[in-house]
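The following briefing concerns a predicted model and is arranged by topic. Please read it alongside the sequence and the coordinates.

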Amino acid sequence: MKKICLVLVGLYLILLSSFAQTKPSQDSIEYKSRKLVLEEVNFVSSYYHQDGNNSSVTGGIGTQKLSDFANIIDIKFAKYDKRYRKHTFTLEGGIDTYSSASSDKIDLTANSSASSHDIRYYPSVSWLVENDKKRTSFGINASASKEFDYQSFGLGISFSKKSIDNNREVGFKAQAYLDQVSLILPIELRTSSNSRREHDDYPTSSRNSFSSSFTYSQIVNQKLQLLFLLDLAWQKGFLSLPFHRVYMNNNTVHSEALPSSRFKIPIGLRANYFLGDKIVIRSFYRFYQDDWGLTSHSVDLETAIKITPFISVSPFYRYYRQSAIKYFEPYQSHLPADKYYTSNYDLSQFDSHFIGAGFRIAPPSGIFGNPHFSMIEIRYGHYLRSTNFNSNIISLNLKFK
Amino acid sequence: MVFKNLIYSLAAFLIMLFCFSSCTTVKAYQKGKLNDAEMVLGSRKIQKSEMSFQSYREGASGVNGGKTGGGCGCN
C-alpha cells in the first residue's frame, strides 16, 4: 500500500512538473524592454614584465627589459527595437603605461630619455544588431590607438548567421587599420635635415592593415563544439621600424629595412569538450604562413576544473614555434649589399612555452553577496622563449552586471 | 607559395564543412553543458593583454581574436 501511495505521489509530481513546462503566454515571450539598459561592465588590469638580451633597437644585442601596466574598461548597453532585434553598444577604453630599457637606447648615450617610457591610449566603440527571427547578427566597430611614435585608426564590419537548429554558425568579418609611424631614427643616423629633438614633431609614414576573417562553428554533440577560423591579412606601407638598428658584417649601422607589403594566412581550429561534469577541455591549434617566409604552429591547451559549479581553476599550456623571416640575420651578420635587413628577434627562428593558471569565481548571488558584482577572474602566465627571453603576466578581470 | 597555401587552407575548410555536416542535432534543452561559461568558443577578456604581447613578441598573428594590425609594439 505504501509503495502504491509513493508511486501515485511520484506520478502526480511528474504530471505537475510537466505542466510547469507549458509554453508561456505569447505576451511574456515577446515582451522585451525597449529601454537602453546597462548590461555589463568589465574591468581588466594586467601587469606584464619581460627581459631578454636581443633588443632590436641596439641591433639584436642589449637589454629587452620592459614593464607594461594595462587597464581596460568596457561598458555594454543593450536595447530591443520595434522588430525585437537586440542592439548592443559597447564602449571600451584602454590605457597602457610602459617603460622600456631598449627604447631608451634610440640615443645610445641617454640613460633616461623621453623614449624610455610612454603611455598608449586605445578607445573603441562597437554596435551589434542581433535578429533572433532571422538568426543573423550584424556589427560595426571603430577603434583608435595613440602613443608617442604611433597612431592607429581601425574600422570593421561583421556578419554571422546561425542554422535553423542553432547548431551551426557561419561568420565573416572585415577589418582595416590605418596607421601612421613616426620616423624616429637612431640618434647617430640623424643628419641635419632629419634631426629632431625629443619633443619635436617627426615626419610620419603610413602603415595600413586589411584583414578578412571567416569562421564556421559547429556543435558536434552535447559535450563537444568546434570552431574553424581562417584569416586573410594584408599589410602595406612602412612595415619596418626606423629606430631598429642593423649592424652589417662590415660594422656599419643602418636603420631596419623591410618590404612594403606583407600577406598573412593564419588558419585555426578550436575544440571545446566537457569531460564528465567538472572538467572543460579547451584546445586551439593555429597554422600561420606569410610571404616573408615565416611559418608557425601554435597549440593551446587549457583545462577548466570546476571545484563547484561557480568556482573553477584553469591550468593552461601553450606551445609556439616559428621559422625566421628571410630578411633576418643576427648582429653583424647582414651583408651591406642586402636589400632588406632586420635583427629583430621577434622575427627570428624560435620556439616558446607559455604556462600558467587562472582562477574564476562567479557565484549566482554575486561576489561578497553583491548581485551586481558577478565575476572575478585572475590569471597568471610565464613565457619562456628559446632565444633566452622570458616574461611574466598577471591579469585581473572584474565583471559587473 | 602563399597562393598554394591559400588553396590548401580553403580545401581543408571545405573538407571540414563536409565532416561537420554529419554531426548530430542538439536541441536547445540539451545544451546545458555547451552553454557553460567555460565552453565559450573564443578568447576571454582576461586574455586580451596576453594576446597583445604574443602578437608583438611573435611573428605570427591572427585567428585567435587578437589583432592583425594596429598598435605598434615597437619595443
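The largest nonpolar core has twelve residues: A:Val246, A:Tyr247, A:Leu258, A:Tyr288, A:Trp292, A:Leu294, A:Ile325, A:Tyr327, A:Phe328, A:Tyr341, A:Leu347 and B:Ala60. A nonpolar core is here a set of buried Ala, Val, Leu, Ile, Met, Phe, Trp, Tyr and Cys residues joined through C-beta atoms within 7 Å. A residue is buried if 20 or more other C-beta atoms lie within 10 Å of its own, exposed if 12 or fewer, and partly exposed in between, with C-beta atoms placed from the backbone. Apart from this core lies another, of nine residues, including A:Phe228, A:Leu229, A:Leu230 and B:Val63.

**Conventions**

- Residues are numbered from 1 along each chain as its sequence is written, while chains are lettered from A and ligands numbered from 1 in the order in which they are written.
- The model is predicted: local features need pLDDT of at least 70 and side-chain atom pairs count only at pLDDT 80 or more, whereas totals for chains, interfaces and linings use all residues.

- Leaving aside residues up to four places away in sequence, A:Val246 touches A:Gly59, A:His254, A:Glu256, A:His334, A:Tyr341, A:Thr342 and A:Ser343; two residues are in contact if their C-beta atoms, placed from the backbone, lie within 7 Å.
- In soluble globular proteins, nonpolar side chains tend to be buried together.

**Chain composition**

- Chain A contains two helices and 19 strands, and chain B has two helices and zero strands; helices (H or I, at least four residues) and strands (E, at least two) are DSSP runs, numbered from the N terminus.
- Of the 401 residues in chain A, 32% are buried; for the 75 residues of chain B, the buried fraction is 39%.
- Among contacts in chain A with a separation of 6 or more, 58% join residues 24 or more positions apart.

**Strand pairing in chain A**

- Strand β7 (residues 150-162) and strand β8 (residues 168-182) of chain A run antiparallel and are joined by 13 bridges; strands pair if DSSP finds at least two bridges between them.
- Within this pair, A:Gly156 has A:Gln175 of β8(A) as its bridge partner.
- Five residues lie between the strands in the hairpin of β7(A) and β8(A), where A:Asn166 adopts a positive phi near 60°.
- β8(A) also pairs in the antiparallel sense with strand β9 (residues 204-219) of chain A, over 15 bridges, and A:Tyr177 has A:Ser209 of β9(A) as its bridge partner.

**Contact between the chains**

- Chain B contributes 40 residues to the contact and chain A contributes 74 residues.
- On the side of chain B that touches chain A, α1 (2-20) and α2 (48-57) each supply at least two residues, and the largest share, eight residues, comes from α1(B).
- By class, that side of chain B has 18 nonpolar, 14 polar and eight charged residues; Ala, Val, Leu, Ile, Met, Phe, Trp, Tyr, Cys and Pro count as nonpolar, Asp, Glu, Lys and Arg as charged, and the others, Gly among them, as polar.
- Eight of the ten residues of α2(B) are buried, so this helix is largely enclosed by the rest of the structure.
- The buried residues of α2(B) include B:Phe53, B:Gln54 and B:Arg57, and their cover includes β1, β2, β18 (373-385) and β19 (389-400) of chain A.

**Loop residues of chain A**

- A:Gly62 is placed in the loop between β1 (37-51) and β2 (66-80) and is partly exposed, with 19 other C-beta atoms within 10 Å.
- The C-alpha atoms of A:Gly62 and A:Ala101 are 9.2 Å apart, although 39 residues separate them along the chain.
- A:Gln332, in the loop between β16 (311-322) and β17 (350-361), has a positive phi near 60° and is partly exposed, with 16 other C-beta atoms within 10 Å.
- A:Phe368, in the loop between β17 and β18, has a positive phi near 55° and is exposed, with 8 other C-beta atoms within 10 Å.

**Confidence**

- The mean pLDDT, the predictor's confidence in each residue from 0 to 100, is 88 for chain A, where 88% of the residues reach 70 or more.
- Residues 11-28 of chain A have a pLDDT below 50, and this stretch has one contact in the model beyond near neighbours in sequence.
- Chain B averages a pLDDT of 76, and 55% of its residues score at least 70.
- Where pLDDT is low, the predicted coordinates should not be read in detail.
- For the complex, the predictor gives an ipTM of 0.82 and a pTM of 0.85.
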